[in-house]
Amino acid sequence: MSKVGIIISREYNERVRKKSFIITTLLMPILILGLMAAPTLIMLFGGSEQKDILVIDQSGIVAEQLQSNDEIHYIVEQEASLDESLKREELFGVLWIGENFIENNSLCKLYANSSTSITLEESIASQLEEIVEAERIKSEGIEGLSEIINRIDANVAMTTIRNDLGEESFSSGISYALGLGFGMLLYMFILIYGSMVMTSVIEEKGSRVLDVMVSSVKPFQLLLGKILGVAAVAATQVIIWGILVVGIGSAVLPELIPEQTMQSVEAVQSGAMTADQAGVDADMVSAIAVATDVGSLLMMFVYLLLFLVGGFLFYASLFAAVGSAVDSVQDSQQLQTPVTLPIILAIILAMSVFNDPNSSLAFWGSMIPFTSPVVMMARIPFEIPTWEIITSLCVLYVSTVCMVWVAGKIYRIGVFMHGKKPSFKELLRWIRSN
Amino acid sequence: MSILQVKNITKRYTEHTALSDVSLSIPKGSVYGLLGPNGAGKTTLIRVITRITMPDQGSILFDGRPITDNDIYNIGYLPEERGLYKKMKVGEQAIFFARLKGLSRKEAIARLKEWFIRFGIQDWWERKVEDLSKGMAQKLQFITTVLHRPKLLIFDEPFSGFDPINANLLKQEILRLRDEGATVIFSTHNMSSVEEICDHITLINRSRNILSGSVSELRHRFGDDIYALTFAGQSQSVKELLESMGEVLSLSEGEAGAPSELRFRLNARHTMREAISAINERVEIRSLSEVIPSMNDIFIRAVEGTL
């Protein structure tokens, strides 16, 4: 094995075997999926206890139409007085409805014996609204009015079709979520793994391991081996996350989505029904469509890996150069700033991308290698032309090679300089030296 | 035959000159001491030899040819500051360094086991480096330095931090490596170790090579023709005798029958043979020997400029 290979394998094995790596790699996707699934799970398992609510209906119309459900059990006692009922602690609460409730909607009060949830309040309120609406329609005296209203009621589900690409695109809500996710992921990876490289260079320099190794390896090989090794760690983590998210997702998602909904979604996708007819939300249909569209997901994942590795190597070489020039992490702050600023700028640019993914700001942001990994990944879900992605990748990889070369020059001199912290002017002199 | 020739090396830093016009020649198969006070330029010279830093002037020949980057694979360098990855396991780390030096994993493990047994640290294979004591870590580092059997070994202060037993073990190993054909350079300011194991030395002070030569030759060169006489008998008469033939430097009377010791130097008109027969007539000679200066004396005298 070549020397660089030996160094890569050390860097890789040391990091991948760490407990912290294994834990974050396994727990992160579970955490993310957990957060996504939490509302569903809470609905499924939370609030299982039925709450008794005593209804005092002075209008005489509402109470009989209220329907108990899993959450609420309505008890109707016509004769009960409010004052007496409020003393009954076994009840969850008392719902009082005034005499002219149909005319005056504010004549209803819920007296609760403990804190209530928004869903409980909304559930009661929406039932009351429906009852009031139905009563009012009845009072208009027009036959078949409720059917007429149902026919008129509209639920627009617009599908955007890219005329230039001739294919159905994701709705911008999904693109937004994906773009934000990808952008943040790259931003985090570059910062976290980049500073990991810097810390480890500082450690090696401080512990004089480099002095030992330099009699068998050239400093440039060390630098290259280190950043490639850490890049492999980052790629491993993303790949594992990808597999876990897709795996757990495909195993758990169908369980969570009711079968009926799935059938409706399939019907909508195949064009047999409109979303409205099927009674499902248009955004959900496209979300499920994305989740099941393996081809474009895979393509995006490949882009993610390419930009992750390229962007990481670009920044990691800079971080390594900074690390080589200083003696301690504390000293690195000042030199680190010009390295971290462009990454922060990139995530800010990525946010602006969502307003107009094809603006010239977005375009140039995704071409200049300092910001391109984050900005381009934020743009890709918006289906931008492939040539832009390829150009951006080429620019990124060519400039990464240059950056590694420049960093190698600083590194070679920096790692053997102890004591005084170099100024930017000195760093430039190191780069120019042979 | 020299394995390494350093020719007129000069290295300047912005604020000071670390080496000025240093030349030396290291014979193959010798143990070569690089001596000098702190900050004299020893480490800089080593770094120039190992090609960590480039000299401003001068050249270095390795095996008679100008040194190249590939020659560093034939050099094993143990720096003064010990450098190991603290979080790695001992065995793994040793294999890592050995592979970087071109050994296969299998070969590395075989040689390492042998060395670990020799140094009595075979139980440490699975431990982490941060759990090792300083001496243990040093043994490990020594092993990784010599494992690939380089032609030239450079040790920077190899004995610092060792107890006498382990220092002695290390000394034996260094001599054994020399006997197996390696050339050893070691930089130190521990003079007693120089006398015991160095064949040649170079003394560097204030960036210059101020003294070079074989240890025995230097010690005789720096001998001031002083002799030490131990005897039993009348010390006063011997003293008078030697004062007439030269100069008496010191006299310590032996108490309770122990022999007395006297240090003297003869002047040019008298030979040692005359002196011995004259002394022999007055007292009983127990021993007579030339006082050879220790490397420590030479070091101090050379550095203080009293040569």
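Me: What makes R17(A) and E92(B) a salt bridge?

Reply: In this predicted model, the closest N and O atoms of R17(A) and E92(B) are 3.4 Å apart. The rule asks for a side-chain nitrogen of Lys or Arg within 4 Å of a carboxyl oxygen of Asp or Glu. The pair meets that cut-off, so the contact between R17(A) and E92(B) is called a salt bridge.

Me: How many salt bridges does the rule find across the interface of chain A and chain B?

Reply: One. For polar contacts, the count between chain A and chain B is three residue pairs, both residues being at pLDDT 80 or more.

Me: Which three residues supply more than any other three of the area that chain A buries against chain B?

Reply: R10(A), V212(A) and S215(A), which supply 26% of it.

Me: Why does S235(B) count as buried?

Reply: The relative accessibility of S235(B) is 5%. Buried means under 20%. The value falls under the cut-off, so S235(B) counts as buried.

Me: Where is S235(B) found, and which residues does it touch?

Reply: S235(B) is found in helix α8 of chain B, which covers residues 235-245. Leaving out residues up to four places away in sequence, S235(B) touches L251(B), E253(B) and S260(B).

Me: How do you know that β4(B) and β5(B) pair?

Reply: Two bridges join strand β4 (residues 57-62) of chain B to β5(B). Pairing needs at least two bridges. The count reaches that cut-off, so the two strands pair, and they run antiparallel. L61(B) stands opposite P66(B) in β5(B).

Me: What is the order of the strands in the open sheet of chain B?

Reply: The four strands stand in the order β2-β1-β4-β5, with antiparallel pairing.

Me: What makes β2 (17-27) and β5 (65-66) of chain B edge strands?

Reply: Each of the two, β2(B) and β5(B), pairs on one side only.

Terms used
Residues are numbered from 1 along each chain as its sequence is written. Chains are lettered from A and ligands numbered from 1 in the order in which they are written. This is a predicted model: local features need pLDDT of at least 70, side-chain atom pairs count only at pLDDT 80 or more; totals for chains, interfaces and linings use all residues. Side-chain values use heavy atoms; hydrogens and water are left out. Buried means under 20% relative accessible area, exposed over 50%, partly exposed in between (1.4 Å probe, protein chains only). Contact means heavy atoms within 4.5 Å. Buried area is the accessible area (1.4 Å probe) that two parts lose on being put together, summed over both. A polar contact is a pair of N or O atoms within 3.5 Å; within protein, one must be able to donate a hydrogen and the other to accept it, and residues adjacent in sequence count only if both atoms are side-chain atoms.
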